[in-house]
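Here is a walk through one structure, written for someone seeing it for the first time. Please look at the chains below before reading on.

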Amino acid sequence: MAGVSRLQYTTETRLIRVMCSGRVDMAFILRAFSNGMDGVFIGGCRLNECNYITHGNYDALSMVHLCRKIMEHIGLNPERLRVEFMSSGEGILFTEVINDFGKKVKELGPLGKGEGVDENELKSKLEAVTKLIPYIKLVERERLRVPVKSEEAYNKFFTSDEVNRLFNELIVDKLAISQIMLLLREKPLSTGEISEILGLNQSEVSRHMNSSSRQGLVRYDETRKCFALA
Amino acid sequence: MEYCPVVYPDQYNQEISKNKAVHIYFSQAVPLVTYIDESCLYLKEKKCTICLGVCKNDAIDFSQEAEKIEIKVGAIILSPGLEPFDPKVSDEYGYGKMENVVTSMDYERLLCATGPFEGEILRASDKKHPHKIAWIQCVGSRRVTPGNNSYCSAVCCTYTQKQVILTKDHDAEAECTIFHNDIRSYGKDFELYYQRAENLPGVRFIRSYVSIGKEIPETKNVTLRYATAEDGVKEEEFDMVVLSVGLNPPAEVEELADKFGIELNSHGFCKAIPSNPMETTRPGIFVSGAFQGPMDIPESVFTASGAGSLCGQTLDYRRGKLSKERIYPPERDVSKEEPRIGVFVCHCGANIGRVVDVPSTVEYALTLPNVVYAQEQLFSCATNSAKEITDLAKEKGLNRVVIGACSPRTLEPLFRDTLREAGINQYYCDMANIREHCSWVHSKEKEEATEKAQDTIRMSVARACHLEPLQEIDLPVNKTALVVGGGIAGMTCALSIANQGHEVCLVEKDTDLGGMARRIHYTLEGVDVQAYLGDVIRKVYQHPLIHVYTDATITEATGYIGNFVTRVKSERGVTEIKHGAAILAIGAEEYKPTEYLYGEDDRVLTQLELEDQIARGEERLINSQSLVMIQCVGCRNEDRNYCSRVCCSQAIKNALKLKEINPEMDIYILFRDMRTYGLMEDYYREASNKDVKFIHYEPDDKPQVEAVEEEGRPVLRVTATDPILGKRLAIDADYLTLSAAVIPPAGNREISQLFKVSLGPDDFFKEAHVKLRPVDFAADGVFLCGTAHYPKHIPEAINQAYGAAGRALTLLSHDIVTVSGSVCEVNESECVSCGACISACTYGAIEFHDTRQGKKARVNPIICKGDGLCNVKCPTGAISLKHFTDEEILSQIDAAVPEEEIIQQMDAAVGDV
């Protein structure tokens, strides 16, 4: 309705049509950020007013919650990702939300620079997360399902200690390993070097290296005193 | 338009702003083209003709003259609409005299972004924003004084609430005051809407008569005089006063009636035959919309489809005689070719071209990879432009087309068709929306808008490279309809469908047909419901094409549009019904009150029970001295936050009937808002004139009821606060009648699951779109009507029943139905049988099937609705939504950034295609 009503909003937006907000894959968001987009907005139907019978907008909400956690973890401001639910008739609301989001993103500054994260480092982190998406999907399905379909329940669930614990337990470690694998793809590195690049402490890195070598993902090069991909 | 010298008041904008003789009627007009009206100097005085010289397309032809065309038709639908009430007929409103008194129609235009001040609400006197605004309800309505209408205009309460909400959107600080009589938010979801408006800060709803005081000469502010119980008479100043004007019958309605030989009722609306509000007094002429009487958009839409169905009944023997089949050239296989993209950028008259630099956008498009042709068009949707796209696609050997124009919501089918005409798969078309998403919303930022338009087209081109040819599936349509529910709505719908030559299976859970109508004996208008019902039931049983299943339960419903299979257990045993469409008309129920001694004292009845006792001539009731009715029992509360719509007029109906039988009886109606909307208002007035006493109560001060004995007479003592005196008053009644809520039917949840349709927050069925598709479900091939949708009166249920029949016929009358090619598909070699997609798809479109490699997911493309949720859930990317694949969407994301490196990436990706 914003268009038909000629309501004016900020010009920075580039729109991509999907048939359901639930169709937005985390990979799309990560790709947008790797391409240097400063913010990603997802618009869905109002919750409990699904155009289909799938209530995919709740899946979008859950994915956004999770993605924001990951963004925070890799040093991106989670405010750069936003999901809002509205009906097609709510042009005024849409305009307000987009203008507000545009303003917010501008305040945050260019992606990475605003947060003080190096561009290449950010790219590599985003790539590490992208590689992990199939696993994240499994975790989301098996362990992060919200029993009640309401916005409050979702918000509460994703800010609960239980979810934070699960997040640290199930995703953070995997993400570190994924990042390590990407580093080792470039060249073999020692535990110390890895921990320096990734900003992790040495004992954590050693733990990851031990488990990865047990799984046969990496091997230790005795002579050069460093790890390489198996 | 720019050159036309005639400047005169813009009629579309309520004459608040100016227009030219050459103009576009309004910004959403279809077609969106300019025309010349009677104010033209040439048409008036044979002068000027400037526009002739300016128009490069030679589109202006002053030699055109009005033509008379004779068309032979078999049926006529009259939908002349309505005329807003003109408050100038009476001096009391000050309209036309005080500058800052406007009608709600004027205000509607002021609110609108395409209105006279581009969405700024400005006062006529000083072009300043009004801060304190008052609305006066019932202007021209609910009054018997000459020039006014005695009826209620039915829509003003809710449109005022809408205006208040929009005003607060424009200016959060605005103070809005609504002076009203009863608030009639009787429509579906309207009660919630009312609460939303009422709870906004700075909004006051004041129940009071109000009169316009004076205009303050310096400020041009307007004073209003009103009275409240607390403060007595007050005079208050407002910056602007909005008159919520009612609805009149269409202009020159008598002439229209004469011309068509139909009768009008006393108000000047169409006189309908009692059994069908869409039939006029002349056979073959039907009526839809507000010509029936004041009504809201959903009801207008019911009647539109309904009138269509009635024409279908009349003209069924000629169905399809005038239609022609389209023949398309054979489709060329271009999947092995390199993408050759043609880009067409539309000016949309001035809609895009005024903001976006179209020529430079075309130039830009030509620099994009794989674009072999680009050009601009004035209106891409015009017939000649569409043909141009087809011709150029053939001539230039295009295999993909990008249209930079408007939203795909409206015109995508048309542009897909241009590709089909050129022998190219229609899914090779992509639309870049540079109107709704660009020129209309960035109208003042030409440079940025042009940049965005170019980006959007670049993204579209990138996507087009990845598009795949898709086949739509033609399904045969089973010609039988299943109607669930044998009440008035279900039976009316079944008859209308059967009268158009289709078999109908009518399934009723009770042992008899009739539904709730069996408990209704007469209507407010005096129709004998039992006689009418008997007649309908007889017609249903006698109809050779209708098969009735009573005592029935539906045990299973499978299938999809055009091909449903439903298992019914009934007195006939278990039957498997194959049908192409389903209509759900399972009705509603009366709430069993738990309040006001109901169930404890046999003198406490519901309205339906009262009606039954009246019809049976129950002596004790008829001879009683006094009777009290309490409205809104079991609804408009926290448990059921909706208005049951029918109870107010039901109470009036029973009160009038009792007064007719025993004029001495004292009848009191305790109400919150009397909602006798539309033409029913006259009966409310009649009841009041016959000394039925109406006492208003507030929801937080409900009446109290106790059974006591007064001077040896056992009575029900009802105490309530008198709103005028502020004192408690006690009424000793022999009978108490509760206007119990209409509640959703038992079993609607099961039915909703069986047919995969949804329920709204009140547990009534949820239609596909409240206003635009009020009898469709989002699930294809399933329709709804009657009180299962929302409480409604019998004539309204009949309107909607015909409406549902009309909608079902649009499906059943075809031999095939085409389902979208944009559905999901599984790449079996990637499928790890995790079942994530299966649990995501609540449509049940995905199932495991056994293969040599084990269980693999498989999509039934006919059931798949193309939302693509499963695509996201799949951890391995095995399942994908065609036309919105990961690859297609990622290519758009990549192309959104214009940097060189990304373009290189894109080139590489395209190389793989």
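**Domains, contacts and cores**

In this predicted model, the centres of domain 1 of chain A and domain 2 of chain A, taken over C-alpha atoms, are separated by 30 Å. Domain 1 covers residues 3–168 of chain A, and domain 2 covers residues 169–229. Where the two domains of chain A meet, domain 1 contributes 16 residues to the contact and domain 2 contributes nine. On the side of domain 1 of chain A that touches domain 2, two elements give two or more residues: H4 and helix H6 (161–186) of chain A. The one that gives the most is H4(A), with 11 residues. Sorted by class, this side of domain 1 of chain A holds eight nonpolar, three polar and five charged residues.

Chain A also meets chain B. Here 36 residues of chain A are in contact with 50 residues of chain B. On the chain A side, helix H1 (26–34), H2 and helix H4 (119–143) each supply at least two residues. The residues on that side of chain A comprise 18 nonpolar, 10 polar and eight charged.

Helix H2 of chain A can be followed from end to end. It spans residues 56–73, which makes 18 residues, and its first and last C-alpha atoms lie 26 Å apart, close to the 26 Å expected at 1.5 Å a residue. Residues count as buried when 20 or more other C-beta atoms lie within 10 Å of their own. After H2(A) comes Gly75(A), which has a positive phi, near 90°.

Which residues touch the most other members of the largest nonpolar core? They are Ile583(B), Leu584(B) and Ala585(B), in a core of 299 residues. Helix H20 of chain B, residues 794–812, provides the largest share of this core, with 10 residues.

Leu584(B) can be examined in more detail. Apart from its neighbours within four places in sequence, Leu584(B) is in contact with Val484(B) and Gly485(B), with Ile751(B), Phe755(B) and Phe765(B), and with Val782(B), Leu784(B) and Ala788(B).

Definitions and conventions
Residues are numbered from 1 along each chain as its sequence is written. Chains are lettered from A and ligands numbered from 1 in the order in which they are written. This is a predicted model: local features need pLDDT of at least 70, side-chain atom pairs count only at pLDDT 80 or more; totals for chains, interfaces and linings use all residues. A nonpolar core is a set of buried Ala, Val, Leu, Ile, Met, Phe, Trp, Tyr and Cys residues joined through C-beta atoms within 7 Å. A residue is buried if 20 or more other C-beta atoms lie within 10 Å of its own, exposed if 12 or fewer, and partly exposed in between; C-beta atoms are placed from the backbone. Helices (H or I, at least four residues) and strands (E, at least two) are DSSP runs, numbered from the N terminus. Two residues are in contact if their C-beta atoms, placed from the backbone, lie within 7 Å. The expected span of a helix is 1.5 Å times one less than its number of residues. Ala, Val, Leu, Ile, Met, Phe, Trp, Tyr, Cys and Pro count as nonpolar, Asp, Glu, Lys and Arg as charged, and the others, Gly among them, as polar. Domain bounds come from an automatic or database domain assignment.
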